[in-house]
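Notebook open. I wanted a quick look at the overall build of this chain first, then at its pockets.

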Amino acid sequence: MSQVLAEWGLAGIETLRSKVAVLVIVDVLSFSTAVDVAVSRGATIHPFPLGDRVAAERAAEQAGAILAQPRRAAAGQFSLSPASLRTIPRGTRLMLPSPNGSRLSLAGGDTPVLAGCLRNASAVARAARSLAGGGAVGVIPASERWPDGSLRPAIEDLIGAGAIINALALPCSPEARVARNAYRSAADDLPRLIRTSVSGRELEDAGFSEDVDIALEQEASSCAPLLIGGAYQAS
């Protein structure tokens with residue numbers, strides 16, 4: 001049945017992956033936005049869970065990819081910062097560790113996975129409907145994590161998921177409807193809401209205000225990054 005389902009984080013992926021024909025990961029600040037920026041320039045992004053740098057180096061070598069540097073690395077190096085990827089050359093393969101989006105991307109199993117954000121909401125919605133055929137679409141707001149590892153709901157991901165659900169224009173589960181309505185209610189106040197959210201303030205205070213600017217570029221991209229063989233490419 002053509003409908004949209006929505007659940008939060010890793011548990012949401014595990015709940016929906018056998019029930020839907022396609023999954024959309026929404027991690028607005030910043031994984032999905034970074035993937036969109038890079039893939040729209042012709043790069044390939046290999047997601048990798050953040051934590052084990054040695055394992056990431058080994059995986060990057062096996063994939064023939066460059067390993068992204070920490071966000072605070074010197075200028076000119078690729079990282080999870082979307083701003084660092086605005087000049088990434090076409091054909092680059094980048095291993096991109098992240099605490100949320102990468103981990104969720106790799107949890108989709110055999111279900112097709114797309115990376116969605118505010119920049120590419122309509123493009124991802126079109127790709128999701130095409131991939132799903134007459135099946136259901138699962139939209140996953142990634143969330144953040146508290147220091148103890150538990151899920152911290154993030155309004156930027158709820159709103160980003162809602163933008164994609166709004167563009168899908170399909171019948172919604174109650175959870176998907178609430179996300180869609182959150183996007184609609186944000187309206188012209190959306191930039192302020194996201195800038196002043198916990199995640200937005202964290203990035204602004206850390207000196208990454210440009211990353212927030214890029215994440216707020218609504219419908220700036222026609223790219224729909226699709227996970228193919230463990231790497232995001234243009235679909």
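This is a predicted model: local features need pLDDT of at least 70, side-chain atom pairs count only at pLDDT 80 or more; totals for chains, interfaces and linings use all residues.

**Surface, fold and pocket**

I started with the surface: the protein chain exposes about 9,900 Å², and carbon and sulfur atoms supply 50% of that area.

Next I looked up burial. Of the 235 residues in the protein chain, 54% come out as buried, taking buried as under 20% relative accessible area.

Then overall dimensions. The C-alpha trace of the protein chain spans about 45 × 35 × 35 Å along its principal axes. I also checked the radius of gyration: the protein chain has 16 Å, which agrees with the value near 18 Å that a compact globule of 235 residues would have.

Secondary structure came after that. I found ten helices and eleven strands in the protein chain. For contacts, I took pairs of residues at least 6 apart in sequence; 76% of these contacts in the protein chain join residues at least 24 apart.

Last stop, empty space. Rolling a probe the size of a water molecule over the atoms shows where it is left. How much space lies in the largest pocket? I got about 520 Å³.

Which residues lie nearest the centre of the largest pocket? They are Leu50, Arg71, Leu80, Ser98 and Pro99, out of 26 lining residues. The elements giving two or more residues to this lining are α3 (53-63), β5 (93-98) and α9 (198-205). I sorted the lining of the largest pocket by class as well: 13 residues are nonpolar, six are polar and seven are charged.

Technical notes:
Residues are numbered from 1 along each chain as its sequence is written. Side-chain values use heavy atoms; hydrogens and water are left out. On a 1 Å grid over the protein atoms alone, a cavity is a set of points where a 1.4 Å probe fits but cannot get out, and a pocket is an open set with protein on both sides within 12 Å along at least five of seven lines; lining residues have an atom within 4 Å of a point. Grid points are joined across faces, edges and corners, and a volume is the space filled by probe spheres set on the points. Helices (H or I, at least four residues) and strands (E, at least two) are DSSP runs, numbered from the N terminus. Ala, Val, Leu, Ile, Met, Phe, Trp, Tyr, Cys and Pro count as nonpolar, Asp, Glu, Lys and Arg as charged, and the others, Gly among them, as polar. The radius of gyration is taken over C-alpha atoms; the globule rule is 2.2 Å times the number of residues to the power 0.38. Buried means under 20% relative accessible area, exposed over 50%, partly exposed in between (1.4 Å probe, protein chains only). Contact means heavy atoms within 4.5 Å. Accessible areas come from the Shrake-Rupley method with a 1.4 Å probe; for residues, only the protein chains shown count as cover.
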